[in-house]
Amino acid sequence: MELPDPDSVPRREFAKAAVALGGVAGLSACLGSDGDAGGGGNGDAVGGGPLDGVPAGDPGEAPERQHAWDDALDRDDAGNVVPPTHHVLRYVDVDRGDAPRADARERIEAAFTDLERAFERSAAGLLFTVGYSPAYFDRLPGTLPESVDLPAPRPLTGLEDPSIDEADALVHLAADEPAAVLAADEALFGEATAANGVPMTDASDLFDPVDRRTGFIGAGLPREHRDVDGIPDDAPVPEGAKLFMGFANGFAASQATEDRVTIEAGPFAGGTTQQVSTLRTQLDAWWSQESHAQRVAKLFSPTHADEERVGEYGERLGSDPGVADLPEDAVAYAREEGVVGHAQKAARAREDGKPRLLRRDFPTTDGDHTGIHFLTLQESIGDFVAVRDAMTGADVADETGVGSRINNGILQYVFVRSRGNFLVPPRGLRALPDPDPRSEP
Ligand code: HEM
């Protein structure tokens, strides 16, 4: 991929392109275009020197839950968590070569600890998680305890034919500063021997890269990045929207808490499960044929459209999209309205009135096409499957005039490209965990 001319595109657009490119080239481009993050092509920062304005961290302060990000993040005026802007998903296989397992584990743990020393655990620094796939655990002696529900990924609807992600591990890197994610990425998986001025243990030989996916989330970014396939170049995406579909997401009342998604019992207590579906969105008709009211009806509910609850992009919703107070029987609702909303359908899977998924999804233009890396955390993969079934709404389609895709939420616009499931262990087990750590000698 080619980088745009830094003088002819906004700074944020250039930064996004640099993160997508990655490697030393992405990092040096990013630093060269951005005086704040290392100063005019500062060769030292490319080689692992300090990044301007990026605070260092203290591994001693890291919580046991890798996924405990919310306390480290800001809230917006309504109290919703503000996710970091730039994201990299590194899918890797573990390749120990001749290295004994204990040595490899020690070196990988040292690299992660160095990363925590190099970057404050915040959006200004770096947040990251490390997860392991069913394919990884299957190759090892022993079995996962019953307290961990981690089936192999599979297609979840009759409308999809996804590729299945079977890489051993997934490292999710997230930060507001593009140079921070790139420097961390280079230090873990590339040639860099330091990051943000802190020497890094080299564990890169223990990982074989399988895939690298990127994205971004923040108001204004979809509007800036709509010059890709999947959306008209002049789509009137509001400035305040975080999604290519033109709305905000991640309202607090529609998110599971970190407690709700944490595995409570067994050796992996304090961990969580992570699923990532890479979704491609095809939004030409969304923007050219649907009215704003239709978009609101399909994403939230027809009631939201009738009562103008949402506003231009969601600014009227505060911290609660208000999908739990809609008629519970989505089937009757769909029959009456002829349309059923996405969030309304998904909310049917709440348990005791509470959401089961902590969604940490972010839009992408990987492959120069609009999409979403739909990353969620939940206590069990079964929770995800139940919510996805509710979102798919096959029951709604079967029993009403609403189609399996058409007028059935946003299904008409969303295409599943890949699915992957991972276990994000507690921090103490994040380096090459055994399937049942209790049975270790
Ligand atoms: C292109 C893909 C998607 C877009 C643009 C999208 C967008 C949204 C938006 C705007 C909301 C309402 C507000 C909020 O986020 O808090 C929402 C809610 C939700 N979505 Fe999605 N979504 C997408 C895919 C999915 C998928 C694949 C799932 C399911 C497995 C899902 C599950 C949910 C859930 C559980 C809620 C909250 C429902 C509740 O309040 O209980 N979404 N989504």
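Author: Helices (H or I, at least four residues) and strands (E, at least two) are DSSP runs, numbered from the N terminus. In those terms, H13 gives the most to the shell around the ligand, with four residues, and helix H13 (381-392) is one of the elements that each supply at least two shell residues, as do strand S8 (272-281), helix H12 (342-346) and strand S11 (371-378). This is a predicted model, in which local features need pLDDT of at least 70 and side-chain atom pairs count only at pLDDT 80 or more, while totals for chains, interfaces and linings use all residues. Residues are numbered from 1 along each chain as its sequence is written, and side-chain values use heavy atoms, with hydrogens and water left out.

Among the 27 residues around the ligand, those that come nearest are Gly 250, Ser 254, His 342, Arg 350 and Arg 359, a residue being near if one of its heavy atoms lies within 4 Å. By class, the shell holds 19 nonpolar, five polar and three charged residues.

His 342, which is placed in helix H12, is the only protein donor of the ligand's iron atom, through NE2 at 2.1 Å; donors here are N, O and S atoms within 2.8 Å of the metal (3.2 Å for Na, K and Ca), and water is not among the atoms, so sites may look incomplete. An N or O atom in the side chain of His 342 is also 2.9 Å from a nitrogen atom of the ligand.

How values were computed:
A polar contact is a pair of N or O atoms within 3.5 Å; within protein, one must be able to donate a hydrogen and the other to accept it, and residues adjacent in sequence count only if both atoms are side-chain atoms. Ala, Val, Leu, Ile, Met, Phe, Trp, Tyr, Cys and Pro count as nonpolar, Asp, Glu, Lys and Arg as charged, and the others, Gly among them, as polar.
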